[in-house]
Amino acid sequence: MKKQVKAKAASGDKIDQIIDKYQGEASALIQILLEIQSENHWLSKEALEKVSQRLGVPLSRIQHVATFYKAFSLVPKGRHEIHICLGTACHVRGAPRVLDAVQDLLGIRPGETDTDLKFSLETVNCLGCCALGPVMEVDGKYHGKMVPGKVADVLKSYD
Ligand code: FES
């Protein structure tokens with residue numbers, strides 16, 4: 001079961017500012033959603049409703065766009081995204097134990113976000129740097145040759 005998290009939505013003012021920047025142009029829908037996503041780390045229902053109202057674009061169309069592109073999340077995400085590689089090269093070198101360590105420390109499973117909205121956890125099949133396996137990537141930074149004992153130190157470096 002997904003962990004329930006309380007998520008802050010970007011204030012209405014901030015969303016208005018983003019929309020104003022694009023003069024409320026419906027053609028800027030994707031750019032506007034990308035900026036709200038980047039600000040909030042997800043797109044709340046309230047945010048989508050506001051965009052719909054301000055741009056005069058039906059909510060159903062906005063929801064369609066938001067679910068179509070992988071860049072958007074309709075569930076709360078943490079400030080930091082962790083990807084644990086479970087591809088073959090990483091798997092045979094102990095990636096499942098690294099994943100266990102992350103799960104134990106954060107209390108979440110892949111696809112979930114912690115209650116502080118600090119970390120979201122996902123697994124991937126290969127990060128393209130197999131020689132460094134097991135690899136844990138956080139916000140695009142690769143941490144190679146991971147062992148369970150190093151996980152806490154890596155996570156501590158993110159606030
Ligand atoms: S299998 Fe993990 S980086 Fe390729």
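Predicted model: local features only at pLDDT ≥ 70, side-chain atom pairs only at ≥ 80, totals over all residues.
Entry 1: I started with the strands. I found an open sheet of four strands in the order E2-E1-E3-E4, and the pairing is mixed. Its edge strands are E2 (119-124) and E4 (141-143), each of which pairs on one side only.

Entry 2: Next I picked E1 (residues 80-85), which pairs with E2 in the parallel sense over six bridges. I followed one of them: Ile84 has Thr123 in E2 as its bridge partner.

**Entry 3: helices on the sheet.** Which strands does H6 touch? I got E1, E2 and E3 (136-138), and the direction of H6 makes about 150° with that of E1. H7 (residues 148-156) packs on the sheet as well, touching E1, E2, E3 and E4. Its direction makes about 10° with that of E3.

**Entry 4: Gln103.** This residue sits in helix H6 (residues 95-106). Is Gln103 buried or exposed? Its relative accessible area is 13%, and the cut-off for buried is under 20%, so I wrote down buried. Leaving out residues up to four places away in sequence, Gln103 touches Ile108, Arg109, Pro110 and Leu121.

**Entry 5: H1 and H3.** Helix H1 (residues 12-21) packs against helix H3 (residues 45-55) at about 40°, with the axes 11 Å apart, so I noted the two as oblique to each other. Their crossing is right-handed. Among the residues that meet are Ile15 and Ile19 in H1, and Val51 and Leu55 in H3. Sorting the contact residues gave me five nonpolar, one polar and four charged.

Terms used:
Residues numbered from 1 in each chain as written. Heavy atoms only, no water. Buried < 20%, exposed > 50% of the residue type's maximum accessible area, 1.4 Å probe, protein only. Contact = heavy atoms within 4.5 Å. Axes fitted to C-alpha atoms, helices over the stretch in contact; angles between N-to-C directions. Parallel < 35°, antiparallel > 145°, perpendicular 65-115°, else oblique. Left-handed = near helix turned anticlockwise from the far one by under 90°. Nonpolar A, V, L, I, M, F, W, Y, C, P; charged D, E, K, R; others polar. Pairing = 2+ DSSP bridges.
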